Amino acid sequence: MITGKTKLLGVIGYPVEHSLSPLMHNAAIQGINNQQAQQNLIDYVYLPFPIKPEDLNTAIAGFSAIGVQGFNITIPHKQAIIPLLSEVSGIAEAVGAVNTVYKANKGWVGTNTDVTGFLAPLQTYNCDWNQKVAVILGNGGASRAVVAGCAQLGFAEIHVIGRSMEKLAGFQQSWLNSPLPVTLEVHKWDELSSLISQADLLVNTTPVGMYPKIQDSPLDENMFDKLSSGAIVYDLIYVPNPTKFLHQAQVRGAIAIDGLEMLVQQGAAALELWLQQSVPVDIMRDSLKKVNKKIQ
Ligand code: NAP
């Protein structure tokens, strides 16, 4: 119920209509209140804000003026928001992008919960990561969070595969002065066939295979024959679930992780920051699973 005291949370992006965050966060807020006594109810609502790039400064000043409590950031504002913040966390600085902003005494503070989200399903495996090799497909925004996560886990080798050597070189260069020590090698796609047998973790960070192009996969069928059977194959895509890429890996005995849990866990980490309390992760996950079923 919206009251005279309802506090505002939200997500900014352009476009933002596709975002599942309002659904997930409002389900969590309702879930918290369903388990609370009347006097402990929380009074928040989470809304989508389509903000054009040229309106970003005005919008953030407006957010301060109207007392917004915190917000998520999606494409195209994840980097552009940085100069408008009072502080950026070390992990957001390392990733080079902010996906969550919260209020502190000094002003807006930006952080990045995508790394926490990416790591959450991997941390359920008891693994000696510093003996392992990660192969990451794609060198865009999400790939940065994946590289930071793999570096945090201490992978022995991190290999990033991309289409453009120029972009790959820039990607590699960008980690040199990072607050997070990251050593990685970059490769064009034609080198993947010689790398794949070494991969203990193979992550798709490209949009290839995402709804509605569900027949696509970033890898040819025969490439999976080279994959070791104990490998973990992780696709950041969450619709469809599983993707063709994950299905191809699963039938060869690999451990498959889809992108839904990352989405849930990055959202839960943000909501915990705003509310300063634990949040119902299972309700957030269920809300997304229900809508995913409708889309597929
Ligand atoms: P992005 O910044 O646009 O990066 C996409 C990357 O994929 C780029 O390196 C691009 O290569 C590469 N790529 C695109 N099409 C390709 C193709 N046909 N073949 C090979 N490589 C291709 O996008 P992003 O923000 O990183 O998002 C990537 C995916 O991750 C999306 O599907 C998104 O939904 C998903 N994601 C999921 C979560 C989650 O919580 N589960 C979070 C973030 C993102 P070039 O640089 O050469 O163009």
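**Briefing: the ligand site and backbone features**

In this predicted model, a polar side-chain atom of K167 lies 3.2 Å from an oxygen atom of the ligand. The protein covers 73% of the 930 Å² of accessible area that the ligand has on its own. The ligand sits in the largest pocket. Domain 1 (7–112 + 261–295) and domain 2 (116–258) both contribute residues to the shell around the ligand, so the ligand lies between them.

**Surroundings of the ligand**

- There are 20 residues around the ligand, of which N139, G141, A142, L236 and G259 come nearest.
- By residue type, the shell consists of 11 nonpolar, seven polar and two charged residues.
- Two helices, α5 (141–153) and α9 (260–275), each provide at least two residues of this shell.

**Backbone contacts with the ligand**

- A polar backbone atom of G141 is 2.9 Å from an oxygen atom of the ligand.
- For G140, a backbone N or O atom lies 3.2 Å from an oxygen atom of the ligand.

**Backbone geometry**

- Most peptide bonds are trans, and most residues other than glycine have a negative phi.
- The peptide bond between I75 and P76 is cis, with omega about 10°; P76 belongs to the loop between β3 (70–73) and β4 (87–88).
- A cis peptide bond also runs from N241 to P242, where omega is near 5°; P242 is located in the loop between β11 (232–235) and α8 (244–250).
- Q276, a residue other than glycine, has a positive phi near 55°, and Q276 is placed in the loop between α9 and α10 (281–295).

Conventions. Residues are numbered from 1 along each chain as its sequence is written. This is a predicted model: local features need pLDDT of at least 70, side-chain atom pairs count only at pLDDT 80 or more; totals for chains, interfaces and linings use all residues. Side-chain values use heavy atoms; hydrogens and water are left out. A residue is near a molecule or strand if one of its heavy atoms lies within 4 Å of it. A polar contact is a pair of N or O atoms within 3.5 Å; within protein, one must be able to donate a hydrogen and the other to accept it, and residues adjacent in sequence count only if both atoms are side-chain atoms. Accessible areas come from the Shrake-Rupley method with a 1.4 Å probe; for residues, only the protein chains shown count as cover. On a 1 Å grid over the protein atoms alone, a cavity is a set of points where a 1.4 Å probe fits but cannot get out, and a pocket is an open set with protein on both sides within 12 Å along at least five of seven lines; lining residues have an atom within 4 Å of a point. A molecule sits in a cavity or pocket if more than half of its atoms lie within 2 Å of its grid points. Helices (H or I, at least four residues) and strands (E, at least two) are DSSP runs, numbered from the N terminus. Ala, Val, Leu, Ile, Met, Phe, Trp, Tyr, Cys and Pro count as nonpolar, Asp, Glu, Lys and Arg as charged, and the others, Gly among them, as polar. Domain bounds come from an automatic or database domain assignment.
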